[in-house]
Amino acid sequence: MNIPAINGIIRRRILLNYRVTPDVIRAVLPSKFRPKLVGGYSIAGICLIRLEQIRPRGLPRFLGISSENSAHRIAVEWDDDDGNACEGVFVPRRDTDSRLNSFAGGRIFPGVHHLSSFLVSDHDGLISLQVTTDDHDKALVDLEVRETSAFPETSIFASLSEASEFFEAGCIGYSSRPDSCKLDGLLLQVSDWQVSPLAVSRARSAYFDDDSIFPSESIELDHALLMRDISHEWHSEPEMTTA
């Protein structure tokens, strides 16, 4: 699935990150992938992103669209057809409040997007965000974070810069399609990568809190990061098959 370069502004991007026992992660990954490890743990999480001025490269900004979006992600590695090691993220689920994104995702634009509702408050350094969907009785995501200068000492990452480098390297995302062995590939290019830490007051996830997938002893919240007001581009990557 090839698309022209799409550019715009990342107005707000939250990366909520968990450390997970690798064997639990392997059970939910397509066989093509293996977990990317840090200190013996897999890293998984949710990207919650507000995009603005999104349009094909070359079009004026006023033609761009805005949307709230979320992606459940798992940091992975794989080998390409030539045996070269690659890294990125596997995305089992994407959600959006944009009907256009929901219609185009998996048809015109890589990645199936579920149409969902986003309730967001972002004022004075305090951000609360709730994602609700028709296919979950409870909120898919329920989050409250506050901007801070302190990176948590309890993180598996030794520093903010180490965490930043880890996630910057995972710029390629592969999304699953329902009832298909095909994975859609999407590359995020950021012109000026910058992250800052967030203090987490509340973090609930219908996916990561599901004991049938992630037993409570196998997963722990690690940290959260914030990006704001950054230019970016999306590019399609070659499809991948898991068969």
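1. Let's start with Gln53, which counts as partly exposed because its relative accessibility is 21%. On this scale, buried means under 20% relative accessible area, exposed means over 50%, and partly exposed is in between, with a 1.4 Å probe and protein chains only. Gln53 sits in strand E4, residues 41–56. Its phi is near 60°, a positive value in a residue other than glycine. For background, most residues other than glycine have a negative phi, and most peptide bonds are trans.

2. A word on what you are looking at: this is a predicted model, in which local features need pLDDT of at least 70 and side-chain atom pairs count only at pLDDT 80 or more, while totals for chains, interfaces and linings use all residues. Residues are numbered from 1 along each chain as its sequence is written, and side-chain values use heavy atoms, with hydrogens and water left out.

3. Asp124 also has a positive phi, near 55°, and is a residue other than glycine. Where does Asp124 lie? Asp124 is in the loop between strand E8 (117–123) and E9. With a relative accessible area of 77%, Asp124 is exposed.

4. Asp137 belongs to the loop between strand E9 (126–132) and strand E10 (141–147). Its relative accessible area is 87%, so Asp137 is exposed. Asp137 and Ala206 are 69 residues apart in sequence, and their C-alpha atoms are 9.2 Å apart in space.

5. Glu77 lies in strand E5, residues 65–79, and counts as partly exposed at 26% relative accessibility. Which residues touch Glu77, leaving aside its neighbours within four places in sequence? Glu77 is in contact with Lys32, Phe33, Arg34, Pro35, Lys36, Cys86 and Glu87, where contact means heavy atoms within 4.5 Å.

6. Now for the aromatic rings. Rings of Phe, Tyr and Trp (its six-membered ring) pair if their centres lie within 6.5 Å; planes under 30 degrees apart count as stacked, over 60 as edge-to-face and the rest as tilted. By this rule there are 11 aromatic pairs. Phe208 and Phe214 form a tilted pair, because their ring centres are 5.2 Å apart and their planes stand at 45°. Both Phe208 and Phe214 are buried. Together with Tyr18 and Tyr207, Phe208 and Phe214 make up one aromatic cluster.

7. Stepping back to the whole protein chain, its secondary structure comes to three helices and 14 strands. These are DSSP runs numbered from the N terminus, with helices (H or I) of at least four residues and strands (E) of at least two. Of the 243 residues, 49% count as buried. Among contacts between residues at least 6 apart in sequence, 70% join residues at least 24 apart.

8. On overall dimensions, the C-alpha trace spans about 50 × 45 × 35 Å along its principal axes.
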